[in-house]
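Please look over the structure shown here before reading on.

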Amino acid sequence: MADRFPSPFEIETPAGAEGWQELYTYSLPFSTDRREYEDSMFWFQDGVHWPEVMSPWDATFYEFALASLSQYNTRHYLIPPALGVDYRVLNGYAYLSPVGVADPAEIEARVPHFLERAGFYFRNWASLYEQWMGKIRGLIGEMEALQFEPLPDKEDLEVVTEGRGMGSGLELQRSYHRLVDLALQLWQYHFEFLNLGYAAYLDFFGFCKQAFPSIPDLAIAKMVAGVEVDLFQPDEELKKLARLAVDSRVDDAFQRSSAAEVIEALRGSDAGQVWLSQWEASAQPWFNFSSGSGFYHTDEVWLEHLDIPFGFVRDYTAKLREGVDIGRPIEAIRAERDRIVDEYGELLATDEDRAAFEQKLGLARVVFPYVENHNFYVEHWSHSVLWRKMRQLGGVLAKEGFFGADDDIFLLKRDEVPEALWDYYSAWAVGTPPRGPAYWGRELERRRGILTALRSWSPPPALGRPPEVVTEPFTIMLWGITGESVKQWLGAGDGSGDGSLKGFAASPGVAEGPARVIFSADQIGEVQAGEILVAPLTAPSWAPIFGKIGATVTDVGGMMAHAAIVCREYGLPAVTGTAFGTKTIKTGQRIRVDGNQGTVTILEA
Amino acid sequence: MSYVRWLDGYDPAERARLGGKNASLGELLSAGLPVPPGFAVTVDAYHTVRGHADVRRAVTGLLGEVDLGDAAALEELSAAIRRRIEEVPLDDGVAAAVRSAYDELCERCRAEAVPVAVRSSATAEDLPDASFAGEHDTYLWVRGPDDVLAHLTRCWSSLFTARAIAYRRERGYDHDVVAMSVGVQKMVRPTASGVAFTLNPRDGDRSQVAIEAAWGFGEGIVSGEVTPDSFLVDKVLGEIVQRTISDKAVEYRLGAGDRVERADVAAGRRTAPSLTDDQVKAVARLARQAERHYRHPQDVEWAVDADLPADQAVTLLQARPETVWSRKAATPVATAADPLASIVSTLLSPLHARDHAREGSDAPGP
């Protein structure tokens with residue numbers, strides 16, 4: 001077994017992707033002028049959030065997310081042993097490296113600050129969280145209010161009569177800057193609570209592991225399950241709409257092949273109109289919901305791709321007609337959760353431990369709703385708005401001939417957009433044609449070629465020499481990276497494995513069935529009842545297919561991966577973080593998923 | 001006088017009339033645990049014999065004079081007393097009560113002449129300071145009422161085996177205070193059997209049940225001749241979290257003439273699991289139930305009875321307190337009283353690092 005992954009400097013650029021580095025901020029690619037540092041670190045590909053090549057503008061959220069995460073560890077709360085998570089792009093893929101604090105004296109010095117700062121948040125969690133809800137809604141409102149319109153032929157008369165002394169061109173550029181600022185602000189909010197939430201959960205987790213050395217991770221996770229969270233609300237809304245469709249007998253409309261035809265059929269009846277108005281009520285905000293991780297402009301948002309939610313409604317109505325209960329068994333989950341908590345409590349050796357157990361579980365439950373919910377507000381709702389606004393701006397420039405399509409704007413870097421806007425504004429101001437159409441036409445073609453070449457490359461799971469032990473708590477919690485899983489990758493990477501895959505025992509139970517390997521949300525429709533879903537990862541908007549599959553296998557993620565959480569909620573076995581599931585397993589192969597032991601076996605070729 | 005008590009419906013107030021073994025089986029049953037059905041012949045029946053003038057004379061007259069150091073003399077004395085007890089004609093009331101109970105047992109088991117174990121259950125057994133383990137006789141595969149009655153008197157007389165006499169004398173027990181009840185319990189015909197601990201013997205984790213299982217009777221496991229299959233079941237989740245299926249080359253099974261014989265296991269079964277997943281879970285559930293009942297980790301013996309319907313086939317044969325881990329003083333896990341201090345220590349020493357320190361360095365070197 002190899003003892004290290006390739007150095008980032010050994011990785012070659014795929015043919016046709018030469019010059020890819022220029023598609024990203026200059027600080028993102030690995031670079032020889034800081035090779036000593038970069039070669040000394042361990043980097044893993046973040047397939048949880050960025051499983052695919054990032055287009056230039058999409059790298060914005062990558063940068064904002066990682067800098068914001070890091071800022072809270074390093075500068076706000078002074079997490080004693082952890083600075084931030086450093087980030088790079090290699091051949092278009094995201095690679096992360098947790099940065100620890102090495103000097104024990106420095107760790108010691110950070111402790112009192114952490115106690116004071118984190119302590120404040122833990123003590124005031126409820127009121128700060130409520131305040132956060134107000135802040136995030138305010139932020140989204142502000143993003144929604146930004147409008148990107150083509151510059152007018154002539155300024156409105158009021159601009160003159162009110163003596164404003166400035167015009168639409170300035171406003172357009174200002175709005176873009178404002179949007180970018182709001183995006184960074186959004187990501188600061190994202191990490192205001194998250195790391196602290198993870199820390200509290202890890203503390204509870206660690207306690208359970210000490211008290212019960214062999215306790216399965218998922219038993220611990222189950223003790224905080226069953227919280228009513230907004231993240232599940234979009235799916236709940238679909239179920240509500242499906243029930244309405246069946247009750248008011250308009251469910252046949254969903255058999256039409258396209259969303260437009262469904263809507264047309266619904267418009268034709270009173271009951272259909274009622275359904276549509278209920279749809280509108282649910283859609284804002286709940287269908288600002290992405291079918292991917294939310295980090296790519298190509299992730300399809302339900303509001304804009306009605307075929308996705310309508311398809312789910314159709315599946316649900318079919319189940320309802322068969323008399324199947326489509327509700328999430330929340331009461332059963334809670335009863336099970338309470339039983340588990342009681343039994344572990346009973347098995348603890350001392351009353352002192354029981355008190356500590358209750359206290360730590362209590363805090364874990366206080367923080368958990370945030371840990372779940374932020375995802376809807378940030379990655380789904382806010383990102384949906386941000387992509388929409390960017391697309392609106394792309395439309396303005398496309399109309400001027402800068403691009404062929406609205407989405408082409410995502411081929412520009414964040415800081416190139418102001419240049420294009422300047423070109424557009426300046427030419428508008430002067431009254432001459434802009435250079436943009438000629439310049440971007442060529443350039444975008446080149447970029448598209450590079451991105452296509454990058455997409456055909458397959459990124460290694462990690463780079464550099466693995467640490468003996470992964471100690472950075474968030475890396476363990478969020479990405480499921482441990483000394484153990486890294487060793488697993490090394491073994492599987494050089495083919496020394498025995499054909500079976502090992503991952504996290506993320507949700508209990510054993511299931512066998514034919515595999516269905518899918519790589520993106522577009523393929524969700526291919527999944528047949530009883531199949532075992534094999535995917536790089538799953539996203540919240542995939543929720544409706546969990547009602548018909550037998551088990552889930554993912555390449556990335558740990559105990560708190562989306563697939564893990566949802567499978568526990570649905571009572572399906574899941575193995576996450578197998579690293580090579582989608583590469584090893586082929587659609588149609590019979591596989592066995594053992595969610596108790598974290599193994600996946602291919603039963604027949 | 002009542003000479004017979006069924007093991008189910010056991011009343012702890014009657015412990016003195018049933019003896020240690022019957023009482024513990026009765027208690028398992030009253031905790032809702034499936035042990036093979038049976039009845040106790042109470043000490044009242046024993047007293048019909050013990051009260052007989054010949055026996056009284058033999059015991060009080062002979063016992064006073066024996067020299068414990070003289071093994072041969074002790075054996076001779078024991079034989080004489082036992083003979084005297086077994087020669088006493090059985091009281092009609094006792095015989096009738098036992099015959100009718102045996103008939104009813106056959107009916108309950110839906111079998112004719114159901115094979116039973118006839119077990120001594122002395123009133124001084126399983127005391128905190130004296131186990132009396134193995135002091136008295138047990139007879140297996142007894143069939144038919146006449147045989148049951150014959151073995152009943154042998155169990156009674158086994159109160160006076162040489163070793164029992166010596167043991168009581170050493171411990172200062174009065175021979176007259178100890179009495180003998182006898183248990184008559186359906187024999188189990190195990191497809192598989194084994195032991196279970198209600199904790200993980202490797203790390204003392206009380207949230208797990210460790211099970212060892214092999215084909216047939218438990219002799220192979222006890223003697224160490226068979227490497228058993230082993231299972232680890234999470235008590236709380238009710239899931240099998242670890243399994244090791246061993247190559248089980250031999251098994252002990254019932255042969256001709258109700259004899260347990262050692263036999264080679266056919267190739268196909270050797271590496272097959274000796275328990276189904278449902279059976280593994282059932283064993284774990286029963287062991288956990290016993291632990292709950294006794295409020296202490298248990299060490300149990302169990303078997304899968306071929307005579308019982310599949311969903312009731314897993315049977316508990318014995319439960320006793322686990323001693324190895326339970327003796328260790330309970331040390332609290334919680335280290336820091338202050339929640340925030342605890343979070344800091346978690347951050348400073350993440351769990352995977354702690355595991356690493358505990359398990360030694362098996363990670364690739366630098």
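The following questions and answers go from one chain as a whole to single residues and then to the interface.

Trainee: What kind of model is this, and how are its residues and chains labelled?

Mentor: This is a predicted model, in which local features need pLDDT of at least 70, side-chain atom pairs count only at pLDDT 80 or more, and totals for chains, interfaces and linings use all residues. Side-chain values use heavy atoms, with hydrogens and water left out, while residues are numbered from 1 along each chain as its sequence is written, and chains are lettered from A and ligands numbered from 1 in the order in which they are written.

Trainee: Why does chain A count as being as compact as a globular protein of its length?

Mentor: Chain A contains 19 helices and 12 strands (DSSP runs numbered from the N terminus: H or I of at least four residues for helices, E of at least two for strands). The globule rule, 2.2 Å times the number of residues to the power 0.38, is set against a radius of gyration taken over C-alpha atoms. For 605 residues the rule gives 25 Å, and chain A is as compact as a globular protein of that length because its own radius of gyration is close to this, at 25 Å.

Trainee: What percentage of the residues of chain A count as buried?

Mentor: Buried means under 20% relative accessible area, exposed over 50%, and partly exposed in between, with a 1.4 Å probe and protein chains only. Of the 605 residues of chain A, the share that counts as buried is 59%.

Trainee: Is S31(A) buried or exposed?

Mentor: S31(A) is found in the segment before α1 (35-40) of chain A. Leaving aside residues up to four places away in sequence, S31(A) touches F9(A) and E38(A), where contact means heavy atoms within 4.5 Å. Because its relative accessibility is 19%, S31(A) counts as buried.

Trainee: Which residue joins its side chain to that of T582(A) in a polar contact of 2.5 Å?

Mentor: T582(A) lies in helix α19 (residues 581-584) of chain A and is buried, with a relative accessible area of 10%. Among the residues that T582(A) touches are V517(A), F519(A) and D555(A), not counting residues up to four places away in sequence. A polar contact is a pair of N or O atoms within 3.5 Å; within protein, one must be able to donate a hydrogen and the other to accept it, and residues adjacent in sequence count only if both atoms are side-chain atoms. The partner of T582(A) in the 2.5 Å contact is D555(A).

Trainee: Which helix holds both K239(A) and D235(A)?

Mentor: The side chains of K239(A) and D235(A) meet in a salt bridge of 3.5 Å, N to O (a side-chain nitrogen of Lys or Arg within 4 Å of a carboxyl oxygen of Asp or Glu). K239(A) is buried at a relative accessible area of 1%, and D235(A) is buried at 4%. The two lie four residues apart, about one turn of the helix, in α8 (residues 233-247) of chain A.

Trainee: How many residues apart in sequence are the parts tied together by E531(A) and R516(A)?

Mentor: E531(A) forms a salt bridge with R516(A), the closest N and O atoms being 2.8 Å apart. E531(A) lies in the loop between β7 (510-517) and β8 (532-535) of chain A and R516(A) in strand β7 of chain A, so the parts that the pair ties together are separated in sequence by 15 residues.

Trainee: What area do chain B and chain A bury between them?

Mentor: The contact takes 44 residues from chain B and 53 residues from chain A. Buried area is the accessible area (1.4 Å probe) that two parts lose on being put together, summed over both. Of this area, 65% is on carbon and sulfur atoms, and the total is about 4200 Å².

Trainee: Which element supplies the largest share of the side of chain B that touches chain A?

Mentor: Across the interface of chain B and chain A the rule finds four salt bridges, and R292(B) forms a salt bridge with E346(A), with the closest N and O atoms 3.0 Å apart. On the side of chain B that touches chain A, at least two residues each come from β9 (240-244), α10 (277-294), α11 (339-348) and α12 (351-359) of chain B. The largest share, nine residues, comes from α11(B).
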